Structures are given as C-alpha cells and as structure tokens.
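Welcome to this guided tour.

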Amino acid sequence: MNQRANLKLSGQTAIVTGGSSGIGKACAKALGKAGANVLIDFVGNPAGAEEALTEIEASGGKGMIFKADVSREEEVRALFDAAREAFGTVDILINNAGIQKDAPFVDMSLKDWNFVLNVNLTGQFLCAREAAREFLRRGPRPEVSVALGKIICMSSVHQLIPWAGHVNYAASKGGVMLFMKSIAQELGEHKIRVNSIAPGAIKTPINRMAWKTPEAEKELLKLIPYGRIGKTEDIARIAVWLSSDESDYIHGETIVVDGGMALYPGFRDNG
Ligand code: BGC
C-alpha cells in the first residue's frame with residue numbers, strides 16, 4: 001500500500017515560484033513531503049532548486065525544476081505548460097518569487113523600482129492569472145480537494161509596516177495585499193481559495209545583512225517580541241496548511257507569521 005496516498009496533499013500538484021532558496025525552497029520541500037507533486041521554479045539558482053527536488057524525491061515524492069522569470073508572461077505560460085505536461089494539471093500555486101533592491105528614496109532608480117514591482121507584483125498577477133485559468137479549465141477534483149484550486153501569495157509584514165529605504169519593496173507588498181483580496185473576492189464563487197502569508201524576519205539570503213553579525217542580530221531581535229528570528233520552516237508549515245482542506249473556510253485572509261513584529265514593539269516602553 002502506497003503510504004503517500006494518505007498524505008495531506010496527495011494527488012495534487014503545486015507550483016512554487018522562487019523555489020530555489022529561502023522561503024520558497026522550504027515551501028517546495030514541505031509541500032512535496034505532504035504528498036504534492038512540486039514544480040520548483042527558479043531563475044538564477046538551479047542548484048538550489050535541485051537540492052529541494054532531491055529532498056522531495058528522497059522522501060518518496062515527485063517533482064521537477066523549471067526555469068521561468070515570473071515577470072515574463074511567456075515564461076509563466078511555459079511554466080504552467082510544463083506542469084500540465086508532467087503532472088496533468090495544477091492544484092496549488094505558491095506565489096512566492098520576490099526580490100529586494102534597496103536604496104534611499106531619493107537615490108532609487110526607476111530601473112530598481114520597476115525590477116521589484118515587476119517581480120513582486122506583476123509576477124504574482126501573471127502566475128495567479130495562469131493558475132486560475134488552469135483551475136477553471138480543469139474543473140473540480142473532489143477526490144483530492146474541496147476547493148477548485150488554491151493560490152497562496154507570499155506577502156510580508158511590509159504590506160502593513162512602512163519601510164524607509166525599501167519603498168519599492170513595501171509598495172509591492174502593499175499591492176499584493178489588495179491584489180490578493182480583490183482576486184479572492186472575484187474567484188471565490190468558483191471555489192478558488194486565495195490567501196496570503198505575511199512573513200516577518202525569516203533567516204534567508206534576502207535579509208542576510210540584518211542577521212549576519214551578532215550586533216545586527218541583536219538589533220533585529222528588538223523588533224521581534226517573540227525573541228527569535230524566524231525559520232523558513234515556520235512559513236512552510238503554514239503554506240502546507242493553507243494549501244490543504246484543513247483551512248478550507250479561510251479565504252481572502254493574510255496570516256501574519258512574524259513572532260509579533262507587526263505589534264509595533266517600539267511601543268513596549270515608549271509612547
Ligand atoms: C523582508 C526582509 C525583512 C523582513 C522584516 C521581509 O519581507 O524581505 O528583508 O527582514 O521583511 O522586516
């Protein structure tokens with residue numbers, strides 16, 4: 001008897017964008033271990049994507065890696081075509097790919113503004129649109145999930161918290177918040193479930209500067225009431241849960257996973 005047939009996401013296929021490092025890589029591995037076939041999208045780091053795939057396969061799961069820049073319409077189409085070809089359809093999108101290009105506001109170039117908005121916001125639009133089209137084309141599969149499909153947008157605490165020196169990033173995540181809610185409002189009638197995760201400071205390459213020295217880490221911890229920097233697994237667990245029927249009535253919601261960073265900890269002893 002195939003043990004994997006009873007896993008939470010058995011028989012489903014997930015696409016994880018930006019799956020070669022950080023939060024995306026952890027999500028890819030966790031979804032694979034939860035039984036999903038995982039298409040691991042990457043842009044510049046095939047080795048990271050391969051590592052995730054190797055771990056999924058070692059646990060008895062299936063997947064593949066695929067190179068696609070989420071900000072390019074034709075590459076996003078190719079990504080979904082590849083998923084269809086390999087696994088028949090797509091049930092789950094982890095809309096994760098994201099970048100930072102930080103600069104003081106007055107020095108920020110249009111190029112860096114556009115780069116971040118194109119990947120973090122337009123990329124989520126292109127992938128979510130393709131996912132919704134695929135869910136509608138394929139129709140319900142009640143044997144694997146109550147929902148027609150699930151879209152999980154990787155946002156940030158900076159969809160709420162303004163962030164000086166990172167206005168392109170904060171604007172992109174503020175955009176993701178209303179993008180996610182608007183498509184949730186529109187797609188709910190089709191039983192397409194759409195939600196976001198808003199991570200706080202998770203230890204990944206994107207924020208290395210914020211934790212790489214003990215001094216930096218100490219400063220960062222002042223912003224986290226729960227007293228530790230997040231791990232990618234903290235987010236991956238929630239991504240699996242939000243992808244599963246266990247969270248079936250959650251729709252249009254953002255789950256903040258930040259050790260309390262969004263609680264304005266600067267007010268603990270001030271104000
Ligand atoms: C950013 C990180 C940052 C964290 C908390 C994330 O969205 O990508 O660089 O450490 O928010 O500020």
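Buried means under 20% relative accessible area, exposed means over 50%, and partly exposed is in between, with a 1.4 Å probe and protein chains only. Two notes before we start. This is a predicted model, in which local features need pLDDT of at least 70 and side-chain atom pairs count only at pLDDT 80 or more, while totals for chains, interfaces and linings use all residues. Residues are numbered from 1 along each chain as its sequence is written, and side-chain values use heavy atoms, with hydrogens and water left out.

**Stop 1: the ligand**

Start at Q100, where a side-chain N or O atom is 2.6 Å from an oxygen atom of the ligand. At Y169, a polar side-chain atom also lies 2.6 Å from a ligand oxygen. At N207, the distance from a side-chain N or O atom to an oxygen atom of the ligand is 3.2 Å. Taken alone, the ligand exposes 310 Å², and the protein buries 90% of that. These accessible areas come from the Shrake-Rupley method with a 1.4 Å probe; for residues, only the protein chains shown count as cover.

**Stop 2: aromatic pairs**

How many aromatic pairs does the structure hold? It holds 2. Rings of Phe, Tyr and Trp (its six-membered ring) pair if their centres lie within 6.5 Å; planes under 30 degrees apart count as stacked, over 60 as edge-to-face and the rest as tilted.

Keep Y169 selected and show W163: the two form an edge-to-face pair, 5.7 Å centre to centre with 70° between the planes. Y169 is buried because its relative accessible area is 9%, whereas W163, at 27%, counts as partly exposed.

Next select Y264 and F267, which are edge-to-face at 6.5 Å centre to centre, with 90° between the planes. Are these residues buried or exposed? Both Y264 and F267 are exposed.

**Stop 3: two positive phi angles**

Most residues other than glycine have a negative phi. Stay on Y264, in the segment after strand 7 (254-257): its phi is positive, about 50°, although it is not a glycine. Helices (H or I, at least four residues) and strands (E, at least two) are DSSP runs, numbered from the N terminus.

Then jump to K191, in the loop between helix 5 and strand 6 (192-199). Its phi is near 65°, again a positive value in a residue other than glycine. At 46% relative accessibility, K191 counts as partly exposed. Not counting residues up to four places away in sequence, K191 touches V146, A147, L148 and G149. Touching, or contact, means heavy atoms within 4.5 Å.

**Stop 4**

Select S155, in the loop between strand 5 (149-154) and helix 5 (167-187). S155 counts as buried because its relative accessibility is 4%. Leaving aside neighbours within four places in sequence, S155 is in contact with K173, V176, S196, I197, A198 and P199.

Move on to R138 in helix 4 (residues 110-138). R138 is buried, at 18% relative accessibility. Which side chain makes a polar contact with that of R138? The side chain of T89 does, at 2.9 Å.

Finish at T232, in helix 7 (residues 232-243), which is buried at 13% relative accessibility. Show S21 as well: T232 and S21 are 211 residues apart along the chain, and their C-alpha atoms are separated by 9.7 Å. Beyond residues up to four places away in sequence, T232 touches G22, I23, A26, I202, K203 and T204.

Key: Polar contact = N/O pair within 3.5 Å; in protein donor to acceptor, adjacent residues only side chain to side chain.
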